[in-house]
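Here is a friendly walk through one model, topic by topic. Keep the viewer open as you read, and follow the residues along.

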Amino acid sequence: MVERVTLTDEQKKLIAKTKPLIQKLNTGVYTDNEIRQILSEITGEKIDPSNEIRLPFFTDNGFNTHFGKNIFINTGVTFSDLGGIYIEDDVLIGPGAKILSVNHPIVPQYCHQMELQPVRIKKNAWIGADAKILPGVTVGENAVVGAGAVVTKDVPANSVVVGVPAVVKSKM
């Protein structure tokens, strides 16, 4: 189900809190530990020491992103997380990938509202370079999203998807 919303006062306060932290994260030189500490402040959850996030890392809000363990996120990745992004253990995300949980209605009088749908990346999935995961998508366990793919529908577990829009190329 698509939730159509405008920002609440609480969300506006959280954004005001996370915006300078996101800018700080991407304008300094930090150790892996320091990156995890800043991301913990942004997300409001402790980032496990097994996770490695390469900078720059872009997020519009950060407070609705949830990380498992042993995750690798390469450079230049973008999250739009107001609808929720849930990344399970052992996930790999390639450079320049975008994970988006927010859309806007195409009806002109509602286009300033947002449609929120969570994105779920299941255990041991691999998101290729420059792939885009759109709102409401679940990438199944052990699935591979090929580089440059645009994923508009759920990806079955143990499969490889490629293309625009992404289609199942093979089963593993």
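**Where two helices meet**

In H1, the residues Lys-17, Thr-18, Leu-21, Ile-22, Lys-24 and Leu-25 meet Ile-35, Ile-38, Leu-39, Glu-41 and Ile-42 of H2. Sorted by class, this contact of H1 with H2 has 7 nonpolar, 1 polar and 3 charged residues. Please bear in mind that the model is predicted.

**Helix geometry**

- Two packed helices are described by the angle between their axes and the distance between the axes.
- Helix H1 covers residues 9–25 and helix H2 covers residues 32–43; their axes come within 9 Å and cross at roughly 165 degrees.
- H1 is therefore roughly antiparallel to H2, since angles over 145 degrees count as roughly antiparallel.
- The crossing of H1 and H2 is left-handed.

**Salt bridges**

- How many salt bridges does the structure hold? There are 3 salt bridges.
- Glu-52 pairs with Arg-54 in a salt bridge whose closest N and O atoms are 2.8 Å apart.
- Glu-52 is partly exposed, at a relative accessible area of 25%, and Arg-54 is partly exposed as well, at 38%.
- Another salt bridge joins Lys-122 to Glu-88, with 3.3 Å between the closest N and O atoms.
- Lys-122 sits in the loop between strand S12 (119–121) and strand S13 (126–127), and Glu-88 in the loop between strand S7 (85–87) and strand S8 (92–93), so this pair ties together parts that are 34 residues apart in sequence.
- Lys-122 counts as partly exposed at 27% relative accessibility, and Glu-88 counts as partly exposed at 32%.
- Asp-90 forms a salt bridge with Lys-123, and here the closest N and O atoms are 2.9 Å apart.
- Asp-90 belongs to the loop between S7 and S8 and Lys-123 to the loop between S12 and S13, so the pair ties together parts that are 33 residues apart in sequence.
- The relative accessible area is 22% for Asp-90, which is partly exposed, and 33% for Lys-123, which is also partly exposed.

**Cis peptide bonds**

- Leu-55 and Pro-56 are joined by a cis peptide bond, with omega at about 0 degrees.
- Pro-56 is found in the loop between strand S2 (52–53) and strand S3 (57–59).
- From Val-164 to Pro-165 the peptide bond is also cis, and its omega is near -10 degrees.
- Pro-165 is placed in the loop between strand S18 (159–162) and S19.

- Asn-142 has a phi near 65 degrees, a positive value in a residue other than glycine.
- The loop between strand S15 (138–139) and strand S16 (144–145) holds Asn-142, which counts as partly exposed at 24% relative accessibility.
- Asn-158 is another residue other than glycine with a positive phi, here near 55 degrees.
- Asn-158 lies in the loop between strand S17 (150–151) and S18, and at 32% relative accessibility Asn-158 counts as partly exposed.

**Around Ser-170**

- Which residues does Ser-170 touch, leaving aside those up to four places away in sequence? They are Asn-158, Ser-159 and Val-160.
- Ser-170 is part of strand S19, which spans residues 167–171.
- Between the C-alpha atoms of Ser-170 and Val-160 the separation is 5.3 Å, although these residues are 10 residues apart along the chain.
- Is Ser-170 buried or partly exposed? With 31% relative accessibility, Ser-170 counts as partly exposed.

Methods. Residues are numbered from 1 along each chain as its sequence is written. This is a predicted model: local features need pLDDT of at least 70, side-chain atom pairs count only at pLDDT 80 or more; totals for chains, interfaces and linings use all residues. Side-chain values use heavy atoms; hydrogens and water are left out. Helices (H or I, at least four residues) and strands (E, at least two) are DSSP runs, numbered from the N terminus. Buried means under 20% relative accessible area, exposed over 50%, partly exposed in between (1.4 Å probe, protein chains only). Contact means heavy atoms within 4.5 Å. A salt bridge is a side-chain nitrogen of Lys or Arg within 4 Å of a carboxyl oxygen of Asp or Glu. Axes are lines fitted to C-alpha atoms, for helices over the stretch in contact, and angles run from 0 to 180 degrees between N-to-C directions. Angles under 35 degrees count as roughly parallel, over 145 as roughly antiparallel, 65 to 115 as roughly perpendicular and the rest as oblique. A crossing is left-handed if the near helix is turned anticlockwise from the far one by less than a right angle, and right-handed if clockwise. Ala, Val, Leu, Ile, Met, Phe, Trp, Tyr, Cys and Pro count as nonpolar, Asp, Glu, Lys and Arg as charged, and the others, Gly among them, as polar.
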